[in-house]
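Take a walk through this model with the sequence and the coordinates side by side. The tour starts at a single side chain and then moves out to the chains and their helix packing.

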Amino acid sequence: MPHDHHHDHDHTEPPSDLELRVKALESLLVEKGLVNPETLNRIIETYEHKVGPRNGAHVVAKAWTDPEFKQALMDDATEAVASLGYCGRQGEHLEVVENTNDTHNLVVCTLCSCYPWTVLGLPPAWYKSAPYRSRAVSDPRAVLKEFGTQLDEKSTIRTWDSTSEMRYLVLPQRPAGTENWSEQDLQQLVSRNSMIGVELARSPEQKGECDK
Amino acid sequence: MQDFPHQPQDDQGPVFNEPWEAQAFALVIALHEQGLFAWSEWATVLSEQIASAQAAGDPDLGNTYYQHWLAALETISKQKKLSNEDELMKRKSQWTAAYLNTPHGKPIELSSGETS
């Protein structure tokens with residue numbers, strides 16, 4: 001199981017000045033009881049789907065329809081994704097892992113909540129939860145079942161552990177029955193969860209459903 | 001949702017490039033919902049911030065919008081005495097120290113940045 005960490009530093013690089021300013025203000029306002037963290041989460045969740053999963057859906061649908069782009073994506077995802085205008089600003093690398101008939105990929109960050117936010121936006125709350133972070137490694141099949149995802153018993157599940165330097169995006173399998181679909185229509189089948197790997201891409205019948 | 005002057009958005013609403021932008025956005029909405037300032041007061045502070053940034057040479061193409069948003073949030077928080085410059089500076093250094101004192105990959109706790 002690929003599980004290679006680069007967590008061998010004895011400190012954490014502080015984030016940008018802007019991020020520190022937000023953290024400073026937010027933590028003070030929360031302490032003073034002027035802002036409720038739950039309220040903040042609710043507001044962010046409302047906007048969450050706007051931050052990015054569509055960027056990822058664009059990447060995936062393009063990979064399904066444009067073999068040259070797909071090759072570039074598998075060779076160097078950071079660069080291929082940047083060519084669509086989605087750039088990481090923390091210098092992190094992106095790797096795309098492709099689902100096949102034999103292998104299903106699942107992304108986690110076991111130690112914190114590293115996430116490919118340039119293509120997926122903000123991580124959902126469950127992604128940051130301790131149970132997901134441990135069970136995605138210890139019992140990925142059970143985790144997938146909880147998301148309603150049944151895989152062939154013979155298929156292998158590979159869990160990819162993100163770090164602040166390396167982020168992963170799952171390339172789900174293109175659903176059957178979409179042979180003549182345009183890239184734009186295909187995008188609607190690519191859910192955020194399918195790019196984390198806890199679900200499959202939607203079937204044409206499920207088009208328009210939302211992530212949990 | 002009320003009007004956000006010049007906010008980057010597409011046909012379905014606001015667009016964020018980085019998580020801190022969403023965080024700063026949510027703080028303003030939450031404070032407003034708590035009744036700590038009127039939306040018109042916020043719009044005034046934000047517009048002034050954008051105008052002064054433009055006057056200082058920011059081409060303001062949308063990519064710096066949330067920097068203005070954050071600066072305006074700090075300003076209105078001080079105006080309304082929700083916070084002040086001293087404690088903001090102090091808290092920021094505390095967070096910086098917390099990062100530097102925390103082994104890579106471990107959750108960052110503010111207490112790790114407190115000077116003993």
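The side chain of Asn105(A) makes a polar contact with the side chain of Trp160(A), at 2.8 Å. A polar contact is a pair of N or O atoms within 3.5 Å; within protein, one must be able to donate a hydrogen and the other to accept it, and residues adjacent in sequence count only if both atoms are side-chain atoms. This is a predicted model, in which local features need pLDDT of at least 70 and side-chain atom pairs count only at pLDDT 80 or more, while totals for chains, interfaces and linings use all residues. Residues are numbered from 1 along each chain as its sequence is written, chains are lettered from A and ligands numbered from 1 in the order in which they are written, and side-chain values use heavy atoms, with hydrogens and water left out.

Where does Asn105(A) lie? Asn105(A) belongs to strand β2 of chain A, residues 103-108. Helices (H or I, at least four residues) and strands (E, at least two) are DSSP runs, numbered from the N terminus. Is Asn105(A) buried or exposed? Asn105(A) counts as buried because its relative accessibility is 2%. Buried means under 20% relative accessible area, exposed over 50%, and partly exposed in between, with a 1.4 Å probe and protein chains only. Leaving aside residues up to four places away in sequence, Asn105(A) touches Val97(A), Glu98(A), Asn99(A), Arg158(A), Trp160(A), Val170(A), Ile196(A) and Gly197(A). Contact here means heavy atoms within 4.5 Å.

Ser83(A) sits in the loop between α5 (77-82) and β1 (93-98) of chain A. Ser83(A) is exposed because its relative accessible area is 56%. Its side chain reaches the backbone oxygen of Ala80(A) at 2.5 Å.

Now step back to whole chains. Chain A holds 11 helices and 4 strands. Of its 212 residues, 50% are buried. Among contacts in chain A with a separation of 6 or more, 68% join residues 24 or more positions apart. Chain B has 4 helices and 2 strands. Along the sequence, chain B reads β-β-α-α-α-α. Buried residues make up 45% of its 116 residues. In chain B, residues 24 or more positions apart account for 49% of the contacts with a separation of 6 or more.

Next, the helix pairs between the chains. Helix α1 of chain A (residues 17-31) packs with helix α1 of chain B (residues 19-33) at about 30°, with axes 10 Å apart. Axes are lines fitted to C-alpha atoms, for helices over the stretch in contact, and angles run from 0 to 180 degrees between N-to-C directions. α1(A) and α1(B) are therefore roughly parallel. Angles under 35 degrees count as roughly parallel, over 145 as roughly antiparallel, 65 to 115 as roughly perpendicular and the rest as oblique. α1(A) passes α1(B) in a left-handed crossing. A crossing is left-handed if the near helix is turned anticlockwise from the far one by less than a right angle, and right-handed if clockwise. On α1(A), the contact uses Leu18(A), Glu19(A), Val22(A), Glu26(A) and Leu29(A); on α1(B), Trp20(B), Gln23(B), Ala24(B), Leu27(B) and Leu31(B). These residues divide into 7 nonpolar, 1 polar and 2 charged. Ala, Val, Leu, Ile, Met, Phe, Trp, Tyr, Cys and Pro count as nonpolar, Asp, Glu, Lys and Arg as charged, and the others, Gly among them, as polar.

α1(A) also packs with α3 of chain B (residues 65-79), at about 30° and with axes 11 Å apart. α1(A) and α3(B) are therefore roughly parallel. Their crossing is left-handed.

Within chain B, the axes of α2 (residues 39-55) and α3(B) come within 9 Å and cross at roughly 125°. That makes α2(B) oblique to α3(B). The crossing of α2(B) and α3(B) is right-handed.

Last stop: Lys81(B), in the loop between α3 and α4 (85-101) of chain B. Lys81(B) counts as exposed because its relative accessibility is 72%. Its phi is near 55°, a positive value in a residue other than glycine. Most residues other than glycine have a negative phi.
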